[in-house]
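Please take a moment to look over the sequence and the structure below before reading on. The paragraphs after it are meant to be read with the model in view.

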Number of protein chains: 2
Amino acid sequence: MTAHILVVEDDPKLAHFIESDLTLDGYCVTVVDNGLDGLSAARSAQPDLLILDWMLPGMSGVDLCRRLRATGMLSPIIMLTAKDEVSDRVVGLDAGADDYLTKPFSMEELLARVRAHLRRVNPEEPNILEFDALTLNRLTREVYLADRRVSLTVKEFDLIELLLSHPKQVFTRDQILEKVWGYDFMGESNIIEVYVRALRIKLEAHYPLRLIHTIRGVGYVLRDYA
Amino acid sequence: MTAHILVVEDDPKLAHFIESDLTLDGYCVTVVDNGLDGLSAARSAQPDLLILDWMLPGMSGVDLCRRLRATGMLSPIIMLTAKDEVSDRVVGLDAGADDYLTKPFSMEELLARVRAHLRRVNPEEPNILEFDALTLNRLTREVYLADRRVSLTVKEFDLIELLLSHPKQVFTRDQILEKVWGYDFMGESNIIEVYVRALRIKLEAHYPLRLIHTIRGVGYVLRDYA
DNA sequence: AGATTTACTGAAAACCGTCTAAAAATGTTT
DNA sequence: AAACATTTTTAGACGGTTTTCAGTAAATCT
């Protein structure tokens, strides 16, 4: 789920910066400090994105990039370099790099590019969610159940969208409260029950099967069996 | 289980804010107000994460950080500072800090970073646990025994989850009470026996082998031999 | 073997979570 | 401003879960 990023950087200080910022942004990060290790790490870990330094001991970032592309690596590659001549840039892109960042650069910039590339490869979450006879369209904010449109309020929609985003996965009350209502904590309230009931009434009015199930003491799930 | 956090902060007001917020988030928090105490507290308590103020009486946070790293402290360190010059940031990260927060900051921000760092160090546990014919899915909160779904109550689930997290490891009654019930102490009660029995009945109804074994005088184990 | 400790069993009691319906509060449209 | 829709709160009923209790069985020790 969370994207895995491989960083090949021999400057320990810079490597540490990059690692901590990427990690903070929620990525799973692996750092190695030379080209050979980069090659094997890339092959075994199958990262979703690679960040390679131009200059590396053993094998240069460009060579590493070329060899990875030659052996079928498709994930986006961002090159880091101290030089900014066009010729170098051409060499890098020619070797198969997708992007090119010249030192010094800000972490914001790196993070922005990482996000952009990952978004491109990993198309954002689908706009259509489906489960059993349920279909939800995030763009039109419409929900259909067995080809019949079900009209929902905002909160009802957000709730079913959450459940539909991970069918069969049990969501705790706290998770629901946080995702749908944005509350971190909330002293006793049965707002969730009220909305689950509203949804059930609307869904089960024209469909015989219960889809939203109560997991007593925990929360709720979307699934097609009892 | 619950992460232990050491806070070294000499401003009593800020220290109190941090302590109460972290405690509310479920962490076990220790607060000291100077570098020397911080050093000894860090060595004796082995915290999972440290929050150090940049400016401290006696020993600065940077020095403290450097000395801790020099003596093998591996836990993530978050520095708090009023300055935000890049040079300081570099000095801090250079001393071995993992992160850096400039005052004033919101508690949400601090909590988010704390969570992020702890998540990195303590990689979350697997969602699927298996042993013998038993399979437990933490996301769907379902337990299968020999391809047959076993429906469990919350406490039953939590108990089998604990046993399943370390098959063949004997759990004492106290451990079970703490992990499943959250009780630290409890005058005589046979809740555990009652729940073990409930689990055995449900599991052994369709499976011939006893998986939960009693270790007399100690507690219980999950294993496939007597 | 008998005494003593420890665990198991079955059922009742207490407790708590969820459902339900309706009213109150809030927001939106006409 | 009135009418309507949505969101949130309130309160009681219901039922499953959790816990306690008392009696029985099994293991350990003398």
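Predicted model: local features only at pLDDT ≥ 70, side-chain atom pairs only at ≥ 80, totals over all residues.

Another partner is strand 3 of chain B, residues 49-53, which runs parallel to strand 1 of chain B and is joined to it by four bridges; here B:Ile5 stands opposite B:Leu49. In general, the strands of a sheet pair through backbone hydrogen bonds, and they do so either in the parallel or in the antiparallel sense.

Strand 1 of chain B also belongs to a right-handed β-α-β unit, together with helix 1 (residues 12-24) of chain B and strand 2 of chain B.

Further along chain B there is an open sheet of three strands, with the order 10-12-11 and with antiparallel pairing. The edge strands of this sheet are strand 10 (171-172) and strand 11 (212-215) of chain B, each of which pairs on one side only. Strand 10 of chain B is joined by two bridges to strand 12 of chain B, residues 219-222, and these two strands run antiparallel. Within this pairing, the bridge partner of B:Phe171 is B:Tyr220 in strand 12 of chain B.

Turning now to the two chains together, 13 residues of chain A are in contact with 12 residues of chain B. On the side of chain A that touches chain B, the largest share, six residues, comes from helix 1 (residues 12-24) of chain A. Sorted by class, that side of chain A has five nonpolar, five polar and three charged residues.

Finally, consider the surface near DNA strand C, to which helix 8 (191-204) of chain A and helix 8 (191-204) of chain B each supply at least two residues. Of the 16 residues around DNA strand C, those that come nearest are A:Glu193, A:Thr214, B:Glu193, B:Arg197 and B:Thr214. The residues of this surface divide into four nonpolar, six polar and six charged.

Conventions. Residues numbered from 1 in each chain as written. Chains lettered and ligands numbered in written order. Near = placed C-beta within 6 Å. Nonpolar A, V, L, I, M, F, W, Y, C, P; charged D, E, K, R; others polar. Contact = placed C-beta atoms within 7 Å. Right-handed = clockwise from strand over helix to strand, strands pointing away. Pairing = 2+ DSSP bridges.
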